[in-house]
Amino acid sequence: MAIERTLSIIKPDATKRNLTGKINAKFEDAGLRIVAQKRIHLTKAQAGVFYAVHKERPFFDELTTFMASEPVVVQVLEGEDAISKNREVMGATNPADAAPGTVRAEFAESVGENSVHGSDAPETAAVEIAYFFSGLELVG
Ligand code: GDP
């Protein structure tokens, strides 16, 4: 297994409920290291660029409004097999389907307000990390 980096976002429903630390404890307990991190308040346009792949979906407007509604924490997680490990710790998109103990099972409020984002492949991880961080900000 290779050492990978993946983009993680702690979404507005979670920052609003002061869950950043509890969520990051799960990532760190799984062996993922936070090698870059910042708290930002996205505009709806910036959220739209990030989620451009979903722009034809019926929930796009709801999703981008939600992502711009409160601050988010954007971060880069590093570790062995980090992309799939992160998604395993996150749990399924819909919290009703998420395995017990996962972030979404414990904290997500709905399929839309589901507490965390994680890149789904090496190519998307590279693009998503570069959207928020310069190379100098990644401190492994
Ligand atoms: P993820 O990779 O598990 O985050 O899931 P997707 O890439 O399929 O969807 C991206 C994000 O869009 C999800 O995390 C949700 O926040 C949102 N989303 C997906 N499906 C729905 C839906 O049916 N309704 C709403 N409101 N939001 C959704």
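Predicted model: local features only at pLDDT ≥ 70, side-chain atom pairs only at ≥ 80, totals over all residues.
Residues are numbered from 1 along each chain as its sequence is written. Local features need pLDDT of at least 70 and side-chain atom pairs count only at pLDDT 80 or more, while totals for chains, interfaces and linings use all residues; side-chain values use heavy atoms, with hydrogens and water left out.

Select the ligand. The ligand sits in the largest pocket (on a 1 Å grid over the protein atoms alone, an open set of points where a 1.4 Å probe fits, with protein on both sides within 12 Å along at least five of seven lines; sitting there means that more than half of the molecule's atoms lie within 2 Å of the grid points).

- Glu62: a side-chain N or O atom is 3.1 Å from a ligand nitrogen.
- Arg104: a polar side-chain atom lies 3.1 Å from a ligand oxygen.
- Gly112: a polar backbone atom is 2.9 Å from a ligand oxygen.

Of the 550 Å² of accessible area that the ligand has on its own, the protein covers 78% (Shrake-Rupley method, 1.4 Å probe).

Finally, select Arg5 and Glu78. Their side chains form a salt bridge, 2.8 Å from N to O (a side-chain nitrogen of Lys or Arg within 4 Å of a carboxyl oxygen of Asp or Glu). Arg5 belongs to strand E1 (residues 3-10) and Glu78 to strand E3 (residues 72-80), 73 residues apart; strands are DSSP runs of at least two residues, numbered from the N terminus. The structure holds 6 salt bridges.

Definitions and conventions. Polar contact = N/O pair within 3.5 Å; in protein donor to acceptor, adjacent residues only side chain to side chain. 1 Å grid on protein atoms, 1.4 Å probe; cavity = no way out; pocket = protein on both sides within 12 Å on 5 of 7 lines; lining within 4 Å. Helix = DSSP H or I, 4+ residues; strand = E, 2+ residues; numbered from the N terminus.
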